[in-house]
Amino acid sequence: RLALSSLSDDEKIPQHYLVTAAIPIFLAAITRNKQGLNLIAPNENLTQAEDFLRMLNGTDKENKLLARALDKYLVTVCEHGMNASTFTARVIASTRAGLISAVIGAISALKGPLHGGAPGPVLDMLDKIGTEENIDNWINNELSKGKRLMGFGHRIYQVRDPRADVLKEVVRELREGGNSRLAFAEKVEKQALQILARHKPEKPLHTNVEFYTALVLEAVGLQRELFTSVFAMGRVIGWIAHIFEQEKTGRLIRPESEYIGLMDEQVA
């Protein structure tokens, strides 16, 4: 957020290009700086996914498989309706604060654990399960305590999240590259769906996009603390599209509220 706020508000500069390019560059630089490593300048001859992994990992060795997987993830999550961060961006855009301010506001909405931060706990769950033999016992114990399984169920979808199937294909490609963690995760998914169907037959819970997001981003080599920021790398395209649309309306978003407290005669 601090780095993006340093970008120019000069409307002569195509800000949609500027902010889209800046997020992966800033993210790679901030991460390497925290690790005490030298910063790496971007290479305009590479794709965004390829160059981000190069700037982050500090190697010119290209890994087309990993870059292609990351690219598919970024495209899959770039837009998803009027979610919390997108609505935030549209409210700010409606004030004519400018594109960069609207994007910064949208990123701020990702700080909360209910939006944009779910993939990491999926990996925590897989870590705790540990082995194939422990899958059933661990899941049953969690459900008996009234806890939810990360990566299953969705606020909007009462059926399988269609994005999950897209990323499952990415997982399958990476598994062919020799990542055994993904094979284990698929077994967890299969057994989790069966157990959830027995525990909550009245409320079907299906795999959501976060389950395979976690697997893809881990296989690409990203640390869990980067997951939300990498999500922003993809979602910024959707934010910008909504910002453009909102700015065209020229109207300020100003919802009305209804007072439901005590009236004067009730107070008396």
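1. What is the volume of the second largest pocket? The second largest pocket has a volume of about 690 Å³, where a pocket is an open set of points on a 1 Å grid over the protein atoms alone, fitting a 1.4 Å probe, with protein on both sides within 12 Å along at least five of seven lines, and the volume is the space filled by probe spheres set on the points. This is a predicted model, in which local features need pLDDT of at least 70 and side-chain atom pairs pLDDT 80 or more, while totals for chains, interfaces and linings use all residues. Residues are numbered from 1 along each chain, and side-chain values use heavy atoms, without hydrogens and water.

2. The lining of this pocket (residues with an atom within 4 Å of a point) comprises 21 residues, with Arg1, Leu27, Ile30, Ile107 and Ser229 nearest the centre. Helix α2 gives the most, six residues, and the lining divides into 11 nonpolar, six polar and four charged residues.

3. Helix α12 (residues 227–249) also packs against α4 (residues 64–76), at an angle of about 65° and with axes 7 Å apart; helices here are DSSP runs (H or I) of at least four residues, and axes are lines fitted to C-alpha atoms over the stretch in contact, with angles from 0 to 180 degrees between N-to-C directions. Leu70, Tyr73 and Leu74 in α4 meet Val230, Phe231, Met233 and Gly234 in α12, contact meaning heavy atoms within 4.5 Å.

4. Aromatic pairs (ring centres within 6.5 Å; planes under 30 degrees apart stacked, over 60 edge-to-face, the rest tilted) number two. The Phe152 and Phe211 rings have centres 5.3 Å apart and planes at 50°, so this pair is tilted.

Key:
Helices (H or I, at least four residues) and strands (E, at least two) are DSSP runs, numbered from the N terminus. Ala, Val, Leu, Ile, Met, Phe, Trp, Tyr, Cys and Pro count as nonpolar, Asp, Glu, Lys and Arg as charged, and the others, Gly among them, as polar. Rings of Phe, Tyr and Trp (its six-membered ring) pair if their centres lie within 6.5 Å; planes under 30 degrees apart count as stacked, over 60 as edge-to-face and the rest as tilted.
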